[in-house]
Amino acid sequence: MSADLNARISRTMIALTLIAGLIVYLGLMAYFLFIYEWLYPEPEDPAAWRTADTVMMLTLLAFGLLTASAIGWRLARRIVAPLNAVAGATRRIAGGDFSARAALPPGSFREAADLMADFNAMAERLDRAEAELAYSNSAIAHELRTPLTILRGRLQGLSDGVFAPTPQLYDRLIAHVDHLSAVVEELRTLALSNAGQLDLSYRPLDLAEVVGAAVTGMEAELTAAGITLTLSLAPAPVLADQTRLHQACVAVLENCRRYSPQSRVHVETRAEGEDVVFRCSDTGPGLSADHQMRAFDRFWRADDSRGRARGGSGLGLPIVRAIARAHGGEARIIPQASPGLTVEIRLPQRPSSAGLTDD
């Protein structure tokens, strides 16, 4: 696109030069063929002729240059106006107004329109990032306030002798510390993902084995929650980070344990074309269509079935999506007619990430 604009400017400058030269040439031709004989029918003073000729040439040259300058000025306005609009919006964004957008002046080049569209898309992303950052900071403070308050209260009670230092009390305090550590690690994972710095150690593996290990590790917790588990783990070879995939599978199963107790959960893996698929379906309360659209938002919980009382931080599914996208795949909720929720992770068998190396 920039090459097109450069070529257009070059052609226009050549045209301006030719227009100026053509005006001077035609003017001189008209002067000598028609006007000269009419002004000086009987030559008497050669010096006067030379002066008149010089004045006429300067007049024609000035007219040609003024015409070319007027055309060049209009061209410059068409080029500079979009740049001024972008510069003005940039200054507003630099001043903290992320709602600033650049308006396309009429008659702008196609390249200017493309530049404006790209700039406004960037500004839109900055605006969303700023709003998300403000929300995240508030949500993080809100999420950490409760366990920290509980910890301080228990420790203050121990210091004042209100609570007896029993093993059960220490276990509860350790559980609160573990919860805080889990939240901090989840936030770290999301921050690395947003920055594109979530390092992955790729190796050939079978997604079915990873899911099977995650199910085995959580079998006791799922059984205690009254969950009836069925498995359909078909081989699904993939090049991926085993630790991160295990983390994502555990997060999905933990989501079922917290929010769909006393339900039936079906877990399956399979290969589809060049992708591998992990799908987890439960028969719990599920989510409405509006809530499904927000299920992957950080710190979001549905008020009716997925509240704070269930113990979730609202970071499980966002981490699942972050890990899936880091592998070049996607995580989504599959609509279903019956009650319940189906979460699917779809990954390419061999990601096309830059600098991909096998361990």
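Me: What should I know about the model and its numbering before we start?
Reply: Residues are numbered from 1 along each chain as its sequence is written, and side-chain values use heavy atoms, with hydrogens and water left out. This is a predicted model, in which local features need pLDDT of at least 70 and side-chain atom pairs count only at pLDDT 80 or more, while totals for chains, interfaces and linings use all residues.

Me: Why is the contact between R270 and E272 called a salt bridge?
Reply: The term asks for a side-chain nitrogen of Lys or Arg within 4 Å of a carboxyl oxygen of Asp or Glu, and the side chains of R270 and E272 meet at 2.5 Å, N to O, so the pair is a salt bridge. The structure holds 13 salt bridges, and among them is the one between R325 and E330, at 3.1 Å from N to O.

Me: Which parts does the salt bridge between R332 and E344 tie together?
Reply: The side chains of R332 and E344 meet in a salt bridge at 3.1 Å, N to O. R332 lies in strand β6 (residues 330–333) and E344 in strand β7 (residues 341–348), so the pair ties together parts that are 12 residues apart in sequence. Strands (E, at least two residues) and helices (H or I, at least four) are DSSP runs, numbered from the N terminus. R332 is partly exposed at 41%, whereas E344 is buried at 1%. Both residues also belong to a network of salt bridges that links E268, R270, E272, D275, R279, R332, E344 and R346.

Me: How do you know that C249 is in no disulfide?
Reply: A disulfide is a pair of cysteine sulfur atoms within 2.5 Å, and by this rule the count comes to 0 disulfides. For C249, the nearest cysteine sulfur is that of C280, 9.2 Å away, which is beyond the cut-off of 2.5 Å. C249 is buried, with a relative accessible area of 2%, and C280 is buried at 1%.

Me: Why is helix α5 called oblique to α6?
Reply: Angles under 35 degrees count as roughly parallel, over 145 as roughly antiparallel, 65 to 115 as roughly perpendicular, and the rest as oblique. The axes of α5 (residues 207–224) and α6 come within 9 Å and cross at roughly 40 degrees, and that makes α5 oblique to α6. The axes are lines fitted to C-alpha atoms, for helices over the stretch in contact, with angles running from 0 to 180 degrees between N-to-C directions.

Me: Which residues of α5 and α6 meet?
Reply: In α5 they include L207, V210 and M218, and in α6 they include L245, C249 and L253, where contact means heavy atoms within 4.5 Å.

Notes:
Buried means under 20% relative accessible area, exposed over 50%, partly exposed in between (1.4 Å probe, protein chains only).
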